Amino acid sequence: MEASLRAQRTAALLIFAFLSLLAVSSSAAQEIQILNAERRIDLSSQIAIVFLTLKVENTGKAAASEVLLSFPPTEADHLAEVKAQAASGKKRKKTHVPLDVKPTDVPDAPKGAKCFRIALLNPLSPGETSTIEVLYMLTHSMEPFPAEISQSEPQLVYYRDSAYILSPYRIKQQTTFIKTPSTNVLSFSRVEPTNRAGMELKYGPYEDRPAYSFSPVLVHFENNNPFAVVEELVREVEISHWGNLQITEHYTLAHGGAKLKGVFSRVDYQSRPGASGVSSFKNLLARLPARVHSVYYRDEIGNISSSRLRTDSRKSELEIEPRYPLFGGWKSTFVIGYGLPLEDFLFESTDGKRYLNFTFGCPLSGTVVDKLTVKVVLPEGSKDPSAVVPFPVEQHMETKYSYLDVVGRPVLVLEKKNVVPEHNTLFQVYYSFNPVFMLAEPLMLVSTVFFLFAACVAYLHIDVSIRKR
Amino acid sequence: MASPESAVNGPTMTAGAASKSLRNAFGGVIAFIILVLIGVLAFSIRLFSVIKYESVIHEFDPYFNYRVTQFLSKNGIYDFWNWFDDRTWYPLGRVIGGTVYPGLTLTAGTIWKVVNSLNIPLSVETVCVFTAPIFSAFASWAAYLLTKEVKGPGAGLTAAALLAMVPSYISRSVAGSYDNEAVAIFALVFTFYLYIKTLNTGSLFYATLNALAYFYMVCSWGGYTFIINLIPMHVLLCIVTGRYSSRLYIAYAPLVVLGTLLASLVPVVGFNAVLTSEHFASFLVFIIIHVVALAYYIKGILSPKMFKVAVTLVVSAGLAVCCAVIAILIAVVASSPTKGWSGRSLTLLDPTYASKYIPIIASVSEHQPPTWPSYFMDINVLAFLVPAGIIACFMPLTDSSSFVILYIVTSVYFSGVMVRLMLVLAPAACILSGIALSEAFNVLTRSIKNRKKEKENVEKKPTPSKTEKRLLVLPLEASVIAVLLLVLLGAFYVVFSVQVHCVWAAAEAYSAPSIVLTSHSNDGGLHVFDDFREAYSWLSHNTDVDDKVASWWDYGYQTTAMANRTVLVDNNTWNNTHIATVGTAMSSPEKQAWEIFHSLDVKYVLVVFGGVVGYPSDDINKFLWMVRIGGGVFPHIKEPDYLRDGQYRIDAQATPTMLNCLMYKLSYFRSDFIPIHKTDGKGFDRVRRTEIGKKHFKLTHFEEVFTTHHWMVRIYKLKPQRNRIRGKTKKSKSSRSVSSKRDVRGKRNPWH
């Protein structure tokens with residue numbers, strides 16, 4: 001009895017504290033309002049790409065140095081990347097300056113909402129307006145419904161969002177455009193005014209919505225684009241100072257769309273390619289750096305012969321086919337490996353350190369990587385490795401023993417979840433290395449052979465028999 | 001290339017004493033270099049499969065060995081001995097540690113471990129792929145040693161060079177052919193070498209090594225019984241021909257004692273080393289050699305007269321005892337149904353045995369007797385050189401050369417019974433051909449030399465003793481011409497034909513890994529048929545890890561190794577009944593087949609179908625064996641039901657039993673809709689070259705879940721049991737026992 005009373009009291013206290021906090025911070029947040037917001041959601045691939053253009057006005061008295069963004073909890077887990085840039089100037093002479101985006105906690109945000117803070121270049125003085133463009137990507141945000149389809153059916157998906165932009169600020173006017181991959185839209189929620197024209201749905205314009213307005217909408221439409229999901233990708237980048245950069249990529253690929261129900265008929269698949277298995281995919285394109293050599297494509301039971309490599313002076317494209325076409329729910333694993341000339345990727349920094357400059361993300365185009373592990377295997381004897389990655393990643397060190405290693409090679413492991421093609425940016429790994437270590441292994445081999453011969457010579461010249469002949 | 005010409009450099013030793021040692025050293029170095037080159041040749045000629053295809057394990061049995069090696073490298077030796085494999089022979093399982101010859105896996109596992117402890121990161125697969133080529137290099141060196149013991153280093157080098165590239169051996173030891181024979185031939189030849197070495201030296205050191213080599217052979221291959229029968233035969237031959245010596249005793253007695261003790265350490269052999277009839281000959285000869293040794297000993301200490309008395313006394317008493325013992329032995333042996341012999345050994349003694357009693361052994365193509373062309377294909381020109389080699393071995397006949405003669409005679413017989421044992425013949429043929437070639441060169445060059453010398457010495461003094469010794473001195477002109485001819489023949493025939501043939505055979509005939517097929521399209525491009533791995537990969541990624549897959553036993557090893565799924569039967573055909581059950585299911589109508597498979601918890605059925613691309617060794621062509629093996633255990637499956645007038649056909653003339661059996665349905669289901677067959681008409685089977693007999697049928701109890709790109713492998717899923725509807729007649733589906741119970745009540749038995 002007493003316990004419950006105490007609990008009640010604490011709860012009441014907490015609520016009071018929360019409310020007071022809310023009052024304080026919301027008053028702070030209210031100092032900014034959004035004059036005009038336009039959101040364009042592109043659902044034509046498996047990744048929902050959202051362009052958000054905000055025209056922000058400082059209505060407060062103090063200068064505002066940052067603008068907050070918030071995402072509903074359903075989107076927060078699927079958020080792969082948020083980028084912001086400040087746009088200035090008129091249409092033709094528009095200039096874009098990237099802005100810093102950092103996750104933050106906003107106390108008065110609805111439960112589960114995730115907020116980001118965009119740091120403005122110049123603090124927004126009272127009364128001033130500024131235009132911010134935000135790009136964010138959502139993975140696994142389209143839910144197949146029906147969850148199981150047969151081979152001849154198209155893939156239908158649900159997309160859930162809010163008709164109003166979830167924002168910590170009051171929005172004067174807002175519009176949302178949703179672009180679907182086809183004209184086949186089975187249903188969509190109406191939050192008037194709502195229009196549909198061809199492949200585009202238009203929600204809005206809505207006038208004067210208070211902060212944290214939310215109105216769920218559901219769009220049910222056909223999306224037959226390959227839902228190629230790499231569930232796990234381990235990229236191993238091995239540096240050899242003898243002039244080679246060896247990359248080995250282990251893929252666990254899955255079709256993340258609607259599961260195939262019942263039979264897979266090869267007759268239908270082969271004879272009616274347009275009508276059968278439309279949501280399945282059978283080939284993927286890997287964009288590799290130029291001057292790639294010794295490319296292989298295999299899995300645990302041997303070489304996979306269905307691949308094609310095209311190279312030119314600027315890039316290489318490897319077109320791969322998994323062993324079988326992937327239908328919904330099917331999985332496949334494979335390994336891609338290739339070598340690259342070291343001089344294209346390894347440089348010396350001004351302080352005498354060496355650094356590797358390499359792309360981070362998955363080279364397969366149009367795929368989502370649930371878990372990406374990049375292992376940079378440094379040469380034996382290198383010291384103080386440190387990575388510079390333009391987005392947050394988890395890091396730790398390992399040791400790997402490869403050809404004739406004695407102390408092992410330091411391995412810098414970078415891990416990131418929920419990776420989209422947008423993450424294919426360069427990252428750097430700095431380390432110091434003494435070139436003398438390059439000679440360790442050849443010297444070891446030479447001395448082994450030398451001692452072998454010496455032992456042979458010694459054996460032939462020493463009489464080891466007990467009895468003298 | 002180590003051609004026979006250079007090989008003769010070894011034994012030429014007729015010069016001054018000073019230059020002799022130098023020349024010997026020089027010859028030794030040359031011989032060493034040639035041996036190294038032979039090793040390189042033996043290794044590299046077997047790499048065609050890797051270059052033309054890829055570094056991959058071949059065929060069926062190697063996949064099992066590969067899987068065992070993976071287990072060994074992952075779990076260690078003790079887990080390996082205790083490994084009970086539940087992935088195969090469901091629901092029986094198989095005790096792997098006690099039923100495999102562990103030599104090969106232990107060898108590869110050791111290599112892998114050593115290499116990895118040196119931080120050379122080779123995968124288990126790579127080690128397995130290259131084990132066979134490495135050991136064939138070892139085998140050629142062993143052949144050199146053996147032939148050197150018999151006829152000198154020249155013959156040895158020739159034999160080694162021939163063994164390095166004899167097609168018969170290449171066929172079993174190309175890179176990727178990771179089978180017991182790969183290491184066993186080396187072990188076989190090396191054991192024989194150590195036996196001959198002991199016989200020539202009488203050294204206990206070599207006798208011990210011989211027992212160890214024999215142990216390695218026992219570990220490696222069931223063919224070790226060839227050794228344990230051939231050596232006693234040779235010992236017996238030596239005793240009968242009055243060649244008994246203490247060296248023979250040293251060579252034989254330790255081998256039997258140590259060898260048998262060591263052999264029984266191998267779990268798969270165990271007490272078989274003393275219990276089965278295969279080993280009986282060695283013990284009998286062991287007794288005989290002791291009796292003979294005793295007789296020689298007594299003969300040595302007694303005067304001739306006393307000895308005669310002793311002989312008559314012992315013989316009359318001993319004969320009675322012997323008769324009694326032999327009678328008991330015969331009774332014991334005869335009481336067992338197979339007379340104490342295993343099925344495969346009996347097949348060797350009676351070539352018609354398997355086809356009469358064990359269809360499983362007879363159904364394997366490599367257990368068939370070979371045809372004449374296969375002799376030429378496999379050992380080529382060696383077939384003609386062997387008789388010359390035998391003659392050379394008789395001049396003079398020594399203990400060791402008599403062994404080689406015995407070896408070739410027995411192996412020729414065995415190879416005539418089973419095409420697989422051509423492999424045992426290959427080293428013998430190489431050794432004898434090497435001897436033949438080298439002896440021919442020896443005789444001819446010697447006669448040229450002697451003629452020259454005689455011409456110089458003819459005035460000084462005639463040497464009658466020398467000419468008497470050298471009976472084989474030919475006239476100069478004849479010998480020069482003969483040498484030239486031989487060189488020419490050697491150049492043209494041996495080098496061009498043998499090598500071209502061997503290289504061709506190595507590259508074309510024996511390098512195909514059989515899981516990947518290729519064909520050249522009209523525009524010269526290479527078309528790859530990778531359907532098997534496509535299917536296995538699909539199974540491994542898209543089915544539950546504990547699902548059971550039923551297929552004919554040929555694909556069992558591959559399914560467990562590549563797809564990691566449980567199979568009912570595999571290539572280790574130890575349980576005939578189980579295989580017959582699968583055979584019966586495949587040859588039953590759909591419903592009965594479903595019941596059989598369901599009672600065995602099978603979820604997927606895999607069939608191999610070549611009708612679309614024309615792949616001849618598919619399940620329809622193997623189907624009659626399924627009927628035969630199934631019918632052998634379950635008599636309601638009758639072979640004539642599947643044949644129309646004794647002919648096996650699948651077109652409209654086929655019997656209804658054939659057209660309704662599961663194998664037919666699963667193979668041809670919807671294949672008549674394939675669009676690529678416009679020219680051939682609908683439902684055309686490219687292997688059988690006919691239009692199929694039954695089209696547009698539906699499956700009631702199975703559903704297609706996967707078919708590979710070229711239709712070569714088709715996987716079906718058993719449909720789930722239908723819900724029972726109240727009031728309707730109950731369907732007897734649950735299990736076999738239920739259906740047989742229903743039978744009693746007068747219902748139709750699904751098994752008939």
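A:Arg323 forms a salt bridge with B:Asp530, the closest N and O atoms being 3.0 Å apart; a salt bridge is here a side-chain nitrogen of Lys or Arg within 4 Å of a carboxyl oxygen of Asp or Glu. By this rule, four salt bridges are found across the interface of chain A and chain B. This is a predicted model, in which local features need pLDDT of at least 70 and side-chain atom pairs count only at pLDDT 80 or more, while totals for chains, interfaces and linings use all residues; side-chain values use heavy atoms, with hydrogens and water left out. Residues are numbered from 1 along each chain as its sequence is written, and chains are lettered from A and ligands numbered from 1 in the order in which they are written.

The contact between the chains draws 27 residues from chain A and 27 residues from chain B, contact meaning heavy atoms within 4.5 Å. The size of an interface is often given as the accessible area lost when the parts come together. Here the buried area is about 2500 Å², with carbon and sulfur atoms giving 52%; this is the accessible area (1.4 Å probe) that two parts lose on being put together, summed over both. On the chain A side, A:Arg266, A:Val267 and A:Ile301 lose the most area to chain B, together 25% of what that side buries.

Chain A also holds an open sheet of three strands in the order β19-β23-β22, with antiparallel pairing. Strands (E, at least two residues) and helices (H or I, at least four) are DSSP runs, numbered from the N terminus, and two strands pair if DSSP finds at least two bridges between them. Because β19 (284-289) and β22 (307-311) of chain A stand at the edges, each with a single partner strand, one side of each is left without a neighbour in the sheet. Five bridges join β22(A) to β23 (residues 315-320) of chain A, and A:Thr311 stands opposite A:Ser316 in β23(A).

As for confidence, the model scores ipTM 0.86 and pTM 0.85. The mean pLDDT of chain B is 81, and 84% of its residues reach 70 or more; pLDDT is the predictor's confidence in each residue, from 0 to 100. Over residues 730-752 of chain B the pLDDT is below 50. Where pLDDT is low, the predicted coordinates should not be read in detail.
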